[in-house]
Amino acid sequence: MSDSLTFAVPKGRILDEALPVMARAGVVPEEAFHDKANRSLTFATTRSDMNIIRVRAFDVATFVAHGAAQLGIVGSDVIEEFDYADLYAPVDLDIGHCHLAVAEPNEGAASVDGASHVRVATKYPNLTRRYFEQRGVQAECVKLNGAMEIAPALGLAGRIVDLVSSGQTLKDNGLVETGHILDITARLIVNRAALKTDPRVAALVEAFRRDASERKVA
């Protein structure tokens, strides 16, 4: 059994909602974690046997799947995109609600599509290809890590696949949602091997599961 556990959390939209959930499960980062000027990626917690790493959401899944972190929190979009065999998502935390959608300009997709395929800007190439394949369409994915909304206006792609919450960002960039791919919530994820071999991991899973159940009842 490893001396220290590593808990991976994502930068960005989920983190603020995740922190109270983590605290109720006994995962509380040190004060330095909340310092906006602190550029560290690794932090201590109130538990002497646990550290927290704060990384990009896609990297949370990679760290946990490969056993560099034993547990983490990430959106179900990331879980579905990577589909890691060694990743287990036992608890839906019921936070971070949004959805993955197809969007294109109000006047329709630009003429960058080919005769038998569509060109899509996205950071979710696997989910995007799967969605269009189910509709008999080949998707040529242009991989971007951000600023998807400007791709159609610049002629890079006729449409985008991205996360949508309120839809305001789409509206501000002259886009309209044309397809709903996946409803998304944040999940507790664990490394399968760690869950089997380290009782602390199982105990934490149970703590998060209990909190999620209590919030549903309330």
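## A strand residue to start with

Leaving out residues up to four places away in sequence, T6 touches N51, I53, A68, A69, Q70 and L71, where contact means heavy atoms within 4.5 Å. T6 lies in strand β1. Helices (H or I, at least four residues) and strands (E, at least two) are DSSP runs, numbered from the N terminus. With a relative accessible area of 16%, T6 is buried. Here buried means under 20% relative accessible area, exposed over 50%, and partly exposed in between (1.4 Å probe, protein chains only).

A word on the basis of all this: the model is predicted, so local features need pLDDT of at least 70 and side-chain atom pairs count only at pLDDT 80 or more, while totals for chains, interfaces and linings use all residues. Residues are numbered from 1 along each chain as its sequence is written, and side-chain values use heavy atoms, with hydrogens and water left out.

## The chain as a whole

The chain has seven helices and 11 strands. Its C-alpha trace spans about 60 × 35 × 35 Å along the principal axes. Of its 218 residues, 46% count as buried. Among contacts with a separation of 6 or more, 70% are between residues 24 or more positions apart.

In soluble globular proteins, nonpolar side chains tend to be buried together. A nonpolar core, as used here, is a set of buried Ala, Val, Leu, Ile, Met, Phe, Trp, Tyr and Cys residues joined through side-chain atoms within 4.5 Å. The largest one in this model has 30 residues, and those touching the most other members are F7, M22, V27, I73, L93, L188 and F208. Two or more residues come from each of β1 (5-10), α1, β3 (50-55), β4 (71-75), β11 (186-191) and α7. Helix α7 gives the largest share, six residues.

Setting aside neighbours within four places in sequence, L188 is in contact with F7, G72, I73, Y88, A89, P90, V91, L93, V205 and F208. Another core, of 28 residues, lies apart from the largest one and includes A8, I53, L127 and L182.

## Where α1 meets α7

Two packed helices are described by the angle between their axes and the distance between the axes. For helix α1 (residues 15-24) and helix α7 (residues 199-217), the axes come within 9 Å and cross at roughly 115°. These axes are lines fitted to C-alpha atoms, for helices over the stretch in contact, and angles run from 0 to 180 degrees between N-to-C directions. The two helices are therefore roughly perpendicular to each other, a term covering 65 to 115 degrees.

On the α1 side the contact is made by V21, M22 and R24, and on the α7 side by F208, D211 and R215.

## Loop residues worth a look

Which two residues have a positive phi although they are not glycines? One is D83, at about 50°, in the loop between α3 (76-82) and β5 (87-92). D83 counts as exposed, at 62% relative accessibility. The other is A147, at about 55°, in the loop between β8 (138-143) and β9 (159-164). A147 counts as partly exposed, at 47% relative accessibility.

R56 is found in the loop between β3 and α2 (57-65) and counts as exposed, at 61% relative accessibility. From C-alpha to C-alpha, R56 and D162 are 16 Å apart in space, and they are 106 residues apart in sequence.

Conventions. Angles under 35 degrees count as roughly parallel, over 145 as roughly antiparallel, 65 to 115 as roughly perpendicular and the rest as oblique.
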